[in-house]
Amino acid sequence: MPPLLQAEDLTVHYGGAPVVTGISLRVDPGRCVALIGANGSGKSTVLRVLAGRQAADAGSVVFDGGPVREQDPRFRREVAVSMDGGECFPDLTVAEHIRMVAAAHGLGCRAAGAAATVLNHLGLAAHHDAFPDTLSAGQRQALLLSAALVRPARLLMLDEPEQRLDARARERLAEVLRETKRAGTAIVLVSHDRTLVEAVADQVVLLASGRCVAQGEPGRVLDEEAAPWR
């Protein structure tokens, strides 16, 4: 089976200096690839290129047989992305926000049920009538993740989703991501949380100074001396 997403020899320069060099990976349906590494290793840059939000200086990214174009309606319909700096609608309650996202992505009469389910799974059910500016930092992060998870998607891209979440919320996130994989959705995950990576990832790409220094199953890569948790 061909991969859902495939990147070949990605290279990105900032100010003439390489920040990502020769990164290749593939993501299959129902599988998770995690990008790990220290701060500044190039993880988020790679994710932005995979999501079509930044152009690579060399290399290619293919989604379902075609080039990645972030403005392509089909790509936007089939790919959900949650990156740092996401915004909420300040005048909508938590439940209204997630129902609106679900309805906008074609769930129709199922939007309310889907919204209630994801809010419950991410620990926000008790805050369904709250407005975003009344939420804690962790609850606001859970709201942004709920917006990405409630919509149908063949591919989910997450940039450090564990940020600002407490230990229990991270456990809930891992459970939701495993269920998302079981439903056939592919995941690209950028994370500093070893526990989350071990719980969700099928393949790990370890970056250092913009290069891949190890790639393979989590049990092997996470025990490498170069792993960022060492």
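Is D223 buried, partly exposed or exposed? At 42% relative accessibility, D223 counts as partly exposed; here buried means under 20% relative accessible area, exposed means over 50%, and partly exposed is in between, with a 1.4 Å probe and protein chains only. Before going on, know that this is a predicted model, where local features need pLDDT of at least 70 and side-chain atom pairs count only at pLDDT 80 or more, while totals for chains, interfaces and linings use all residues. Residues are numbered from 1 along each chain as its sequence is written, and side-chain values use heavy atoms, leaving out hydrogens and water.

Let's stay with D223 for a moment. Its side chain meets that of R194 in a salt bridge, at 2.9 Å from N to O; the term stands for a side-chain nitrogen of Lys or Arg within 4 Å of a carboxyl oxygen of Asp or Glu. This pair links distant parts of the chain, with R194 in helix α7 and D223 in the segment after α8 (218-221), 29 residues apart. Helices (H or I, at least four residues) and strands (E, at least two) are DSSP runs, numbered from the N terminus.

R194 has another partner too: its side chain and that of E198 form a salt bridge of 3.1 Å, N to O. Both R194 and E198 sit in helix α7, four residues apart, about one turn of the helix. An α-helix has 3.6 residues a turn, so residues three or four places apart point the same way. R194, at 23% relative accessibility, is partly exposed, and so is E198, at 45%.

Now for a pair with a different setting. D202 and K181 join side chains in a salt bridge of 3.0 Å, N to O. Here again distant parts of the chain are linked: D202 is in the loop between α7 (194-200) and β9, K181 is in helix α6 (residues 167-182), and 21 residues separate them. D202 is buried at 16% relative accessible area, and K181 is buried at 15%. A search of the whole structure turns up 14 salt bridges.

K181 brings us to helix α6. Buried residues of α6 include A169, L173, L177 and K181. What covers the buried residues of α6 includes β3 (32-36), α5 (137-149), β8 (186-190) and α7. After α6 comes G184, whose phi is positive, near 100°.

L177 also belongs to the largest nonpolar core, which has 47 residues, and L177 is listed with I36, I98, L149, L156 and V204 as having the most contacts inside it. Such a core is a set of buried Ala, Val, Leu, Ile, Met, Phe, Trp, Tyr and Cys residues joined through side-chain atoms within 4.5 Å. Helix α5 gives the most to this core, with seven residues. A second, separate core of 29 residues includes L10, L35, V79 and V205.

Finally, look at strands β9 (residues 203-208) and β10 (residues 211-216), which pair in the antiparallel sense over five bridges; pairing requires that DSSP finds at least two bridges between two strands. L206 stands opposite A214 in β10. The hairpin has two residues between the strands, and S209 there takes a positive phi near 50°.

Technical notes
Contact = heavy atoms within 4.5 Å.
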